Amino acid sequence: MKKSFYTIGSLIILLISAVVFILVPAMLGRSGNNKLPPFGKYDGKEIRYEQGSDFADYVSRYADMLKNQGQEVDTQAYYYIFNYAFNATIQKMAFSKAVQKSGYAVPQSAINREMLPYFSDADGKYSPKLYREAPASTIESMQKEFRDTLTTSRYSDDCFGSQYAVGKDALYGLKSSSAETGFLQNAGKNKRAFNMISFDMKEYPDSEKTAYGEANAQKFVKYDMSVITCEDKSKAESVVKRLANNEIKFADAVGEYSKKTYSNENGKLANAYYYQLEKIIKNADDLKAVTELSKGATSKAVETNEGFSIFYADNDAGQPDFTNDATIKDVYSYLNTYEAGHIEDYYTTMAKDFAAAASAKSFDEACVQFNLTKTEVAAFPLNYGSVSLAPSVDTKTAALSGADTNENFLKTAFALKQNEISVPVVNGKNVLVLQLTGETTEETTPESSVLKSEIINYDQSSASVALMKSPKLENNLTSVFFNNFMKNGTQE
């Protein structure tokens, strides 16, 4: 890359920084003269989007980066740009403070070395003439920029390493043992391949839903009621008295007294199944009294999760019809929400039967017997979280989605002996049975330089995550951005 490119590029960056700062608020429907509230604080110091701030500078750089990649920098893009810039600002604040606390100061000689390429001629030689012709403000701005960059890179290099080395030894960075390096290099060598079948719990049959509903019919009795909910008992009891004395009609009392926690605007009970009332009403005797109300009857004030409620029976309760598709759908919704284990147990039992058949006969014969399709899982190493240093299980396969972070799946898979059939393994909404079909050893290992680069990336990423969870951080970016740059999710 020619040195003259750096010179032109530096001037373009400085120009873009000024232009983007003016354009961002204008594009998002806000006057550039209006002062924005701080986007947050780090260690007590406010983070503001204003001319000359690190935050605004990073916004400019990320916007420029996207533009140079040919991407459209619209409102949505700016939201992500602001997030990246916010993270970069926090990192600079934290790293700079740590370096300053250590007593290190960037020497002028280091700044001069960084500036040399920006004042070089076409042959790559330093040109005093170009330096003299540069405006003093440009020189000052560049020196500040390099001083800041070298300060933060001092922390980054010392903690995470850099490309600088003396011979084969890294000049900067935390040291690691050869044993650790060897372990990471060999992390992907031993791989295992499997046969697999899966039971999809989303295919739970209607016959089972019906059977559950019929066995638990009381849960699905539906009540046609209206409800008034008050914050305190005394107010609820006063409403009951007024209703009993015909001083006010129930519908009018809804508008005057109810928080409408359990109802629509007209007071109609929203959670109308027995199992829903069971979760709303605290006392079992009160639940019995409410669910036994006859048409036109009003309950006393009963304690609920959100205060005290008064129920009015608009009509008699409706008994569940388990030949109705809508009722079966509601039963399934209940099971998924409150008793997912019931569905899981159903498929786990089937998976156990399959595993027994596969052990007695063969995996393929069991697939025929249970009308299941076998999946051949390509060999993969034990790689929790699919780190990039090694291959991983193919999580694009629907039944294996999330398997790379499923400890039970990985422990089960890597404890099997050759041709052994596993116990059922639950993975998301699937129940799996595995058979170990083979083990291979991959001779190729990542180069130490590649490994070093990956470790640096992991460390830097971990540091960023830790900073964003720091108790020193107050993060108001999302609320400030949407409250000041956007309205109702669109541009103002």
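Q: Before we look around, what are the helices and strands here, and from which end are they numbered?
A: Helices, which are H or I runs of at least four residues, and strands, which are E runs of at least two, are DSSP runs, and they are numbered from the N terminus. Please also keep in mind that this is a predicted model.

Q: OK, then where does Asn246 sit?
A: Asn246 is in the loop that runs between helix H9 (233-244) and helix H10 (250-257).

Q: And is Asn246 buried or exposed?
A: Asn246 counts as exposed, since its relative accessibility is 69%. Its backbone deserves a look as well, as phi of Asn246 is near 55 degrees, which is a positive value in a residue other than glycine.

Q: What about Asn419, what is phi there?
A: Phi of Asn419 is near 70 degrees, again a positive value in a residue that is not glycine. Asn419 belongs to the loop between H16 and E10, and at 47% relative accessibility it counts as partly exposed.

Q: Staying around there, which helix holds Thr412, and what does Thr412 touch beyond its sequence neighbours?
A: Thr412 is part of helix H16, and once the neighbours within four places in sequence are set aside, Thr412 is in contact with Ser422 and Val425. With a relative accessible area of 14%, Thr412 is buried, because the cut-off for buried is under 20%.

Q: Switching to helix packing, at what angle do H3 and H6 pack?
A: Helix H3 (residues 75-102) and helix H6 (residues 136-160) pack at about 80 degrees, and their axes are 8 Å apart. That angle makes H3 roughly perpendicular to H6, because angles of 65 to 115 degrees are put in that class.

Q: Which residues make that contact?
A: On the H3 side the contact is made by Lys92, Phe95, Ser96, Ala98 and Val99, while H6 brings Asp148, Thr151, Thr152, Arg154, Tyr155, Ser156 and Phe160. Sorted by class, the contact of H3 with H6 has 5 nonpolar, 4 polar and 3 charged residues.

Q: How are the rings of Phe380 and Phe414 arranged?
A: The centres of Phe380 and Phe414 are 5.6 Å apart and their planes stand at 80 degrees, so this pair is edge-to-face. Phe380 is buried, with a relative accessible area of 1%, while Phe414 counts as partly exposed at 22%.

Q: Which residues form the aromatic cluster?
A: One aromatic cluster is formed by Phe39, Tyr49, Phe55, Tyr78, Tyr79, Tyr80, Phe82, Phe86, Phe481 and Phe482.

Q: Last one: where is Gly438, and which residues does Gly438 touch?
A: Gly438 is in strand E11 (residues 430-441), and at 18% relative accessibility it counts as buried. Not counting residues up to four places away in sequence, Gly438 touches Lys191, Arg192, Ala193 and Gln418. Its C-alpha atom is separated by 61 Å from that of Phe119, which is 319 residues away along the chain.

Key:
Residues numbered from 1 in each chain as written. Predicted model: local features only at pLDDT ≥ 70, side-chain atom pairs only at ≥ 80, totals over all residues. Heavy atoms only, no water. Axes fitted to C-alpha atoms, helices over the stretch in contact; angles between N-to-C directions. Parallel < 35°, antiparallel > 145°, perpendicular 65-115°, else oblique. Contact = heavy atoms within 4.5 Å. Nonpolar A, V, L, I, M, F, W, Y, C, P; charged D, E, K, R; others polar. Phe/Tyr/Trp six-rings, centres within 6.5 Å; stacked < 30°, edge-to-face > 60°. Buried < 20%, exposed > 50% of the residue type's maximum accessible area, 1.4 Å probe, protein only.
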